[in-house]
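Dear colleague,

I am handing over the structure that I have been reading, and my notes on it follow below. Please keep the model open beside the text as you go through them.

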Amino acid sequence: MKILVTGGAGFIGSHLMERLLAAGDKAVALDNLSTGRRENLPAEAEFIEMDVLDEKLAGVVAAGRFDAIVHLAGQTMVSTSIEDPALDAGQNILGTIRVLEAARQSGVDRVIFASTAASYGNVPEGDLPIKETRRRAPMSFYGLSKVTAEQYLDLYHQVYGLDSVTLRFANVYGERQGDGGEGGVISIFARAVARGEDITIFGDGEQTRDFVYAGDIAEGIRAALTTKEVNAAYNLSTQTQTSLRELVNILSNIVGRRIIPKYGPERPGDIYKSMLSNGRARRGLGWKPAVPLEEGLRRTYEYFRKAAAL
Ligand SMILES: NC(=O)c1ccc[n+]([C@@H]2O[C@H](COP(=O)([O-])OP(=O)(O)OC[C@H]3O[C@@H](n4cnc5c(N)ncnc54)[C@H](O)[C@@H]3O)[C@@H](O)[C@H]2O)c1
């Protein structure tokens, strides 16, 4: 299978490229390097430096004769989307349309799209874990742009017969994660601890997230590339909740000393408890997360420790 990975030089994209190449797939990364880095990619990876909004995209997709496109490129910051909704919509909605257009013009078999838990908005604790059938009520323009892009995927299937799979990621963490973006609390903490800096918890520390390791997300995307259950949306999550206090305790065990966080005021708009159901992904993709938080966190911390020593 020949696969184009937009955003391939980013955090999740680089984990995916690594897995695809290791599995013997032909994978090409396309990235404008706005937050991604060429060094994130395995040396042997084929790389195209290009923006998905570039009018040359359709030609690149046609010439590449790709079987599938994994569309990860986009604006990933909730805060940026609040400050500049038009920029966010341009990157995430128009960017996705350009990818879908290129795909349909070139007869690409399927498009896999990176969506997010942020598309559900704030859900009462009693309704967790969140199922895919839940009504979406995003609280940020980022969440809204992802919901809208998903609707374009649905309509491209109806109008043009283009198959797609939407994956709604929980809070992804792992090596090479940038310090902006979504759900970056693990990378922020691991990087700070590796540098001997203080960490700050905003709120009481009892807020929870569903932390899923990037290597597991890469395997979920690989499963979506071959599933017969297309034109559907799947959560990719661990279906467990970890509080920020627990996270700091696990990190303390890894580091071998007690980390005492500082506390700051709760940030407006932050979701308190979060957990996504993964039953549909288990059934439809035959996927389940394999890397426990302790192990994933150890790998992540080691990565940032080595980076801090450079
Ligand atoms: N990290 C998470 O927890 C998480 C959760 C839910 C969804 N997602 C989604 O997963 C995808 C990947 O996110 P990530 O965490 O790896 O972030 P990332 O910033 O590391 O990756 C995004 C990549 O896309 C590239 N890019 C951005 N705009 C582009 C454009 N216009 N043209 C070409 N390349 C462009 C960037 O340079 C970067 O390499 C995003 O779509 C994001 O919304 C991430």
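Is N231 buried, partly exposed or exposed? N231 has a relative accessible area of 29%, so it counts as partly exposed, where buried means under 20% relative accessible area, exposed over 50%, and partly exposed in between, computed with a 1.4 Å probe on protein chains only. N231 sits in the loop between helix 7 (214–226) and strand 11, and its phi is positive, about 55°, although it is not a glycine. Helices (H or I, at least four residues) and strands (E, at least two) are DSSP runs, numbered from the N terminus.

Before going further, please note that this is a predicted model, in which local features need pLDDT of at least 70 and side-chain atom pairs count only at pLDDT 80 or more, while totals for chains, interfaces and linings use all residues. Residues are numbered from 1 along each chain as its sequence is written, and side-chain values use heavy atoms, with hydrogens and water left out. The pLDDT, which is the predictor's confidence in each residue from 0 to 100, averages 96 over the chain, and 98% of the residues score at least 70.

Seven strands form an open sheet with parallel pairing, in the order 3-2-1-4-5-6-11; two strands pair if DSSP finds at least two bridges between them. Strand 3 (46–49) and strand 11 (232–236) are at the edges and have a single partner strand each, so one side of each is left without a neighbour in the sheet. From one strand to the next, the twist averages 20°, with axes taken as lines fitted to C-alpha atoms, for helices over the stretch in contact, and angles running from 0 to 180 degrees between N-to-C directions.

Four of the five residues of strand 11 are buried, which leaves the strand mostly covered.

Rings and charges

How many aromatic pairs does a search of the whole structure find? The search finds three, where rings of Phe, Tyr and Trp (its six-membered ring) pair if their centres lie within 6.5 Å, and planes under 30 degrees apart count as stacked, over 60 as edge-to-face and the rest as tilted. One of them joins Y156 and Y160, whose ring centres are 5.2 Å apart with planes at 45°, so the pair is tilted. Both residues lie in helix 5 (residues 141–160), four residues apart, about one turn of the helix. Y156 counts as buried, at 8% relative accessibility, whereas Y160 is partly exposed at 45%.

R104 lies over the face of Y160, at 4.0 Å from the ring centre, and the charged end of K2 sits over the ring of F66, 4.9 Å from its centre. A charge sits over a ring if NZ of Lys or CZ of Arg is within 6 Å of the ring centre and within 35 degrees of the ring normal.

Backbone details in the loops

A cis peptide bond, with omega about -5°, joins L128 and P129, and P129 is in the loop between strand 5 and helix 5. R176, in the loop between strand 7 (171–173) and helix 6, has a positive phi near 75° in a residue other than glycine, and at 16% relative accessibility R176 counts as buried.

With best regards
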